[in-house]
Amino acid sequence: MGGLLKKDLNILKSQGKTLGIVIFVYAIISMMNKNISLFAGFVMIFMVILPINTLAYDEKANWDKYVLTMPISRNDIVVSKYILSLILQAVGFCLNMIMQGILGMYSKENLYAILLISALAIVYNILMLPVLFKLGAERGRIAMMLIFLIPFALIMIVSKMNINLPDLVWLMDYVWLSPVILVVLFLLSMLVSMRIYKKKELA
């Protein structure tokens, strides 16, 4: 398991200079605008996309066929990708907190916003990873775009229909449930991916 994670992190390390430049550019833009949400949103999207890059590299190199000749199970491969997604989200959270400090914008509201963005990123990974294990990284990119667009489409539809949304105060009373829900959904997603990958025939 550790070897699988190290391999993926080395893949991302090879892209480190490019990643660093892009993050630096968005950090400068955020500092100029004194807007933490711009940087936080970018980091969320970036950290969601990075696990897909490792899957694409694996496919291109036929890594799955090679690694399965070793004493490594398909479940190990699936779990390593899920752990990688959590590691990247933790990195993204730390970057957002550092940027919040640089901008001098530490506040309870901004902390909640960053936590919400991090939770949304985890939800995207929960939805995307089973699709990617089913379709592969290349075909899965289209599904990824749809998953990104669906929430915005739903928000537009709800706003047009004048549906009364739950009161924010009522939602805050149940916010403590969100980590429990995330953990349950994460584990369910992992089990689904395991089932999919176990039945998948590798070309």
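Modeller: Let's start at Asn 125, which sits in helix α6, residues 108-135. Helices here are DSSP runs of H or I at least four residues long, strands are runs of E of at least two, and both are numbered from the N terminus. Before going further: this is a predicted model, where local features need pLDDT of at least 70 and side-chain atom pairs count only at pLDDT 80 or more, while totals for chains, interfaces and linings use all residues. Residues are numbered from 1 along each chain as its sequence is written, and side-chain values use heavy atoms, with hydrogens and water left out.

Asn 125 has a relative accessible area of 3%, so it counts as buried (under 20% is buried, over 50% exposed, and partly exposed lies in between, with a 1.4 Å probe and protein chains only). Setting aside neighbours within four places in sequence, Asn 125 is in contact with Val 48, Pro 51, Ser 85, Gln 89 and Pro 130; contact means heavy atoms within 4.5 Å.

Pro 130 turns up again on the contact list of Tyr 82, together with Leu 129, Phe 133, Phe 186, Ser 189, Met 190 and Ser 193, again not counting residues up to four places away. Tyr 82 also belongs to the largest nonpolar core, where Val 78, Tyr 82, Met 128 and Met 190 touch the most other members out of 29 residues. A nonpolar core is a set of buried Ala, Val, Leu, Ile, Met, Phe, Trp, Tyr and Cys residues joined through side-chain atoms within 4.5 Å. Two or more residues of this core come from each of α3 (36-60), α5, α6, α7 (137-161) and α9 (178-199).

Now over to α5, which has 29 residues and reaches 43 Å from first C-alpha to last, close to the expected 42 Å (that is 1.5 Å times one less than its number of residues). Just after α5, Gly 104 takes a positive phi of about 65°.

What does Lys 81 pair with? Its side chain meets that of Asp 8 in a salt bridge, at 3.1 Å from N to O. The term means a side-chain nitrogen of Lys or Arg within 4 Å of a carboxyl oxygen of Asp or Glu. Asp 8 is in α1 (residues 2-14) and Lys 81 in α5 (residues 74-102), so this pair ties together parts 73 residues apart in sequence. Both ends are tucked away: Asp 8 counts as buried because its relative accessibility is 0%, and Lys 81 is buried at 2%. Shared partners join Lys 7, Asp 8 and Lys 81 into one network, with Asp 8 and Lys 7 making a salt bridge of 2.7 Å, N to O. The count comes to 2 salt bridges.

The C-alpha atoms of Pro 179 and Ala 119 are 8.6 Å apart, although 60 residues separate the two along the chain.
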